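Please walk me through this structure, with attention to its aromatic rings.

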Amino acid sequence: MAEDTSKSKYVYLDQMSTEELKQLLYAAALSEDSGEQAMLNHILEVIVAREEQIKDIAPPDMKRVREEFDRLYRDLEEPLYPSEDLEDMSPPSPLRAQKKSLWYTLIAAAVLAVLIAITCVPVLGYSNVVHMVARWTADQFRFCMTGTSSEQKTASHQADEAQIPEEYAELQSAMEQFDAQLIIPDFPDDFKIEHSVLHYSCELNRVNFSIVYQNQDRFFIYTIAQNSKPVLNGYRYEKLHFHAEHHIYGNIECYILPNVQNNTVTWYRGKTEFSIITNMPPSTFEDILKSAYEV
Amino acid sequence: MVDCNWTSQDGFFDILYQKQFRKMWLLAITLVEKPELAEEVVQDAFVEVLIHIDYLMTVERPDFWLQKTVRNKALHALRERTRDAKRLIELRADGLVDDLAARQLADVEETDSLSHTKQLIVETLTPSEFHLLRRIAMEGASYRTVSEELGISISACQKKVQRIRKKLKKQLSRNNS
């Protein structure tokens, strides 16, 4: 049992004085090492069992705090203090669900997903497709250039001319100029296109496109960033987990990045970075990506 | 480990709360040092438990999740208050700020040393706004305590403080540019 192992592993802590344990507690609390959790838990249990006071302050009365929780805190609209690095990726329970306007959601998604602009680095004699690899820290993710490689053909469902929604028409023209492939995944039928934005720079040889699919307060934001010149770093995405979830759908590698109220999937093909941000569960990404890349 | 003798969300929550609150409070007070703030951080962590209860009922060690949440919230509370305090200190001039917050600004005689500070505070924060932020940032009061003093809900207090922080940040960045 996990608990028994923990107890035997930290039994030496039981021999320490409370003062020594308090010092250890402080250090362990500040540590970002998730392995310290078990030790931290053991220290807390020892101190509670000894009924020692911390800093000569009596612990709160349980009856009082529980009554106050039910009266003052239970129905808060949102937590008072944010907590990064939450492990739960499930959507909030209906008790806590909140309505947000589309524009507030767009702004929040934009802030989450885009922290820096793509930088262009001119490379003389550039002929191969830049090879981008995923890099991430505890709370951010991005694609970074590592070198060049031959472009691999991607089997994908190319958009049929007759079926291209008008919102994508201009994007298609822009991408054709750079000999890039326009991919239009299938989003759920009950989501309708609400808004699209296209930024196209001939001077910088860059195309940035975002389109919003919405159903009431649920949304998908599909973003395409295409650069004809190689870039050092792609968009920077905020996320919660230390690990980015790596998946292969169809024949593309993608990364799912959970965050507080949104989930992002991102992938890189050739010279183009794609992402989809949504407040739906990450499981919705599979069908969407397979619709684009499974042949 | 949470006792598995629960059959409902309420039962799960009650057991987790009863068994973990005191431990989490010990953890919180180690970091934030102020008892009422530590208590509020832990209460807030249990608000998160309610939000994520479906997930937590499936994991082996929800107490570890709670531990991490309390730690993060305590550190966030500390960072936020430190930042507020620094911003308030930026408004200081010759140690006059506290006096100005306590009195009616109209009663203060104009002097060269006061006029700039007074103008900045008037443009930035009203006396009541300054008082509220000072209670939170300098004195480490919890939202709950301050909301009781003001006769408003904790949510309303939180929103007030958020607005004040936004206002202050905007004004200070304007001054610094």
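The model is predicted. Start with chain A. Its secondary structure comprises 7 helices and 10 strands. It has 295 residues, and 43% of them count as buried. Its accessible surface is about 15,700 Å². Carbon and sulfur atoms account for 50% of that area. Now take the contacts in chain A between residues at least 6 apart in sequence: 60% of them join residues at least 24 apart.

Chain B is built from helices: there are 9, with 0 strands. Read from the N terminus, its elements run α-α-α-α-α-α-α-α-α. Chain B has 177 residues, of which 56% are buried. For contacts in chain B between residues at least 6 apart in sequence, the share joining residues at least 24 apart is 64%.

Next come the aromatic rings. A pair of rings is described by two quantities, the distance of the centres and the angle of the planes. Rings count as paired here if their centres lie within 6.5 Å. By this rule there are 15 aromatic pairs over all chains. One of them joins B:Phe13 and B:Phe46. Their centres are 5.8 Å apart and their planes stand at 85 degrees, an edge-to-face arrangement. The cut-off matters here: planes under 30 degrees apart count as stacked, and over 60 as edge-to-face. B:Tyr17 and B:Phe21 both lie in helix H1 of chain B. They are 4 residues apart, about one turn of the helix. Buried means under 20% relative accessible area. B:Tyr17 has 1%, so it is buried. B:Phe21 has 0%, so it counts as buried too.

Chain A holds an aromatic cluster. Its members are A:Phe187, A:Phe191, A:Tyr213, A:Phe220, A:Tyr222, A:Trp267 and A:Phe274.

Rings also meet charges in chain B. B:Arg61 places its charged end over the ring of B:Phe64, 4.2 Å from the ring centre. B:Arg81 does likewise with B:Tyr143, where the charged end is 5.7 Å from the ring centre.

Finally, look at B:Val146. This residue is in helix H8 of chain B, residues 143-150. Is B:Val146 buried or exposed? Its relative accessibility is 2%, so it counts as buried. Which residues touch B:Val146, leaving aside its neighbours within four places in sequence? The contacts are B:Leu132, B:Arg135, B:Ile136, B:Ala141 and B:Cys157. One of these, B:Cys157, is 11 residues from B:Val146 along the chain. The C-alpha atoms of B:Val146 and B:Cys157 are separated by 7.4 Å.

Technical notes:
Residues numbered from 1 in each chain as written. Chains lettered and ligands numbered in written order. Predicted model: local features only at pLDDT ≥ 70, side-chain atom pairs only at ≥ 80, totals over all residues. Heavy atoms only, no water. Phe/Tyr/Trp six-rings, centres within 6.5 Å; stacked < 30°, edge-to-face > 60°. Helix = DSSP H or I, 4+ residues; strand = E, 2+ residues; numbered from the N terminus. Buried < 20%, exposed > 50% of the residue type's maximum accessible area, 1.4 Å probe, protein only. Lys NZ or Arg CZ within 6 Å of the ring centre and 35° of its normal. Contact = heavy atoms within 4.5 Å. Areas by Shrake-Rupley, 256 points an atom, 1.4 Å probe, with all protein chains shown as cover.
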